[in-house]
Amino acid sequence: MKIAMVGAGYVGLVSGACFADFGHEVVCIDKDPEKIARLNAGKMPIFEPGLEELVESNVRGGRLSFSTDLTASLAGACAIFIAVGTPSRRGDGHADLSFVYAVAQEIGPHLEANAVVVTKSTVPVGTGDEVERILRESGVQHRFAVVSNPEFLREGAAIGDFKRPDRIVIGADDEFGRQIMREVYRPLFLNQAPLLFTSRRSAELIKYAANAFLATKIMFINEMADLCEKVGADVQDVSRGIGLDNRIGSKFLHAGPGYGGSCFPKDTLALLKTAEDYDSPTRIVEAVVKANDSRKRAMGRKVIEALGGIDEARGKRAALLGLTFKPNTDDMRDSPSLAIAQTLIDAGVEVTAYDPEGMDLAAPMLPEVGMKPDLYAAVEGADAVVLVTEWDAFRALDFRRIAQTARGKAFIDLRNVYDPAVVRAAGFDYTSIGRA
Ligand code: UGA
C-alpha cells in the first residue's frame, strides 16, 4: 500500500518510518528542501532514539523515500497523511491551521479516486469538515474520504509508542474511510493494538482530551507536592499510594517543575479556545494552564531560596543540569528550564548549564546562560546545582567530584531522582519536590 506523509516533522517522520517498517511504501514530503536533502543524506532533523537506524534500513529496503514534490508524490497513494505543524496562533492560543489547509488546497486538484486524506496533525474539532470542504471546492468529484487519526506518541519514546500503541483512534464518518484505515494499520493487528472507530469529530476531541487529562494529572500531583512540603508528607509515597488504585493509575504522577514540550502547553491552550468558541467552559483545564505557568517561575524561586533568599542570591552562581523539557530529546519548546533560568537571571544569579542533547537549540534561547561542554564543567564554581531534566547521565552523579568542583553545597533536585539521605550524606543541602 502506498502512503504519502505530508510533513517530515516529529510525527510525520516517525510515523512514515514506522509505516515503511511495517512494509508499506512511504514517501515523506516536506516543503523545506534543506530538510529533505539532509534526510536523503541520512541525517535526522531531530534527536530521537532509534530513528536514524529505522530510516536508514527502510530507505535501503526501498520502502521509504523523501521528496519536496507533493503533487508527484500523490500518484498511486491510497492514504495521504497530513502531519504538518499546528502551532499556537499568536495572540489567542487557537491552533494555527494555515499549514493544514494549505496542504488540503494543494492536494485537491491531484487527489486520485478512492484515496483517503488523513489528518494526523493535532487539529481542533471541525477541522476535518473544513478539509473536506476545501477538497470538494477544489473540484474533487470522485470518491474520497477525510479521516481523523490522532497520534499519541511521546518524544524520546516515539518509535516504541508508534509500534506498540495503547490504542489507535480512527475518526471516520463512512465505511470506505474505515476500510482503508484498517488496511493501513493491519500490521499492528498482530500486536493486538485496539482499533477504536469513532466519528471524525470525536477523534479530533479525543486527542485534546487525552493531552489535557495527562496535563491535569501532572499538575494535580505537583500541587499535592507543594502541600506535602507544607504538611510534612512525601509526594513519592502519596503518588504511589493513589497510583496503585487501578482507577487512578500510577503513570503521569511524577511531581516535577511543570510540563513543557511541543504538545501539552499548545494543546491545552487550543482546547480552552475551542471551549470558549462553543461557550462550554473547561474550568479545570483553565486552572491547569495557569498553575503550570506559575509553577515554572516558582521553581526558579525555589533555587533562589536554596541560595539563601533574594538578597543573598544576587551575584551567586547556579548550574542547571538538563535544559530540554524531558530526557531523550533535543526539544526546548516551553521547557521549564527557560523560565527557571530567566527567574534566576532576573534575580542577579549567574547561570551555567549542560544538557546532553539540547544545547544547540537552547543556546540562542538562553543567551545569558553559560553553556558548558560537560556536567562537571557546568558545576565548577557553582553555589547551587539544579537537576532540571532527568537524563540518565544525571542519575548516578559523582557527588564527591561535584563537592570538589562546586563552591557551595546547595543541590536542588527538581525531578526527585535522588534519595535525600544519600545526597545529604555526601555533604549537600538537598532540596527536592514535595519531600519534607
Ligand atoms: C505528550 C503525550 O504524552 C503524548 O501521548 C502525545 O502524543 C504528545 O504529547 C503529543 O501530543 O504529540 P510529549 O510532549 O512527548 O508527549 O511528552 P511527555 O512524556 O508526555 O511529557 C510532557 C511533559 O510532562 C514533560 O515536560 C514531562 O517532564 C512532564 N511530566 C510527565 C511530568 O512532569 N510528570 C509526569 O509524571 C509525566
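Select Asn222 and display its surroundings: leaving aside neighbours within four places in sequence, Asn222 is in contact (heavy atoms within 4.5 Å) with His254, Ala255, Gly256, Gly258 and Arg295. The model is predicted, with local features requiring pLDDT of at least 70 and side-chain atom pairs counting only at pLDDT 80 or more, while totals for chains, interfaces and linings use all residues. Residues are numbered from 1 along each chain as its sequence is written, and side-chain values use heavy atoms, with hydrogens and water left out.

Asn222 belongs to helix H10, residues 200-231 (helices, H or I, of at least four residues, and strands, E, of at least two, are DSSP runs numbered from the N terminus). Its relative accessible area is 0%, so Asn222 is buried (under 20% is buried, over 50% exposed, and in between partly exposed, with a 1.4 Å probe and protein chains only).

Next, select Ser432, in the segment that follows strand E14 (429-431). Ser432 counts as buried because its relative accessibility is 5%. Not counting residues up to four places away in sequence, Ser432 touches Glu229, Lys302, Asp413 and Asn416. Of these, Lys302 is 130 residues from Ser432 in sequence, with a C-alpha to C-alpha separation of 9.4 Å.

Finally, select Val103 in helix H5 (residues 98-107). Val103 is buried, because its relative accessible area is 8%. Val103 touches Val6, Ile82 and Val84, residues up to four places away in sequence not being counted.
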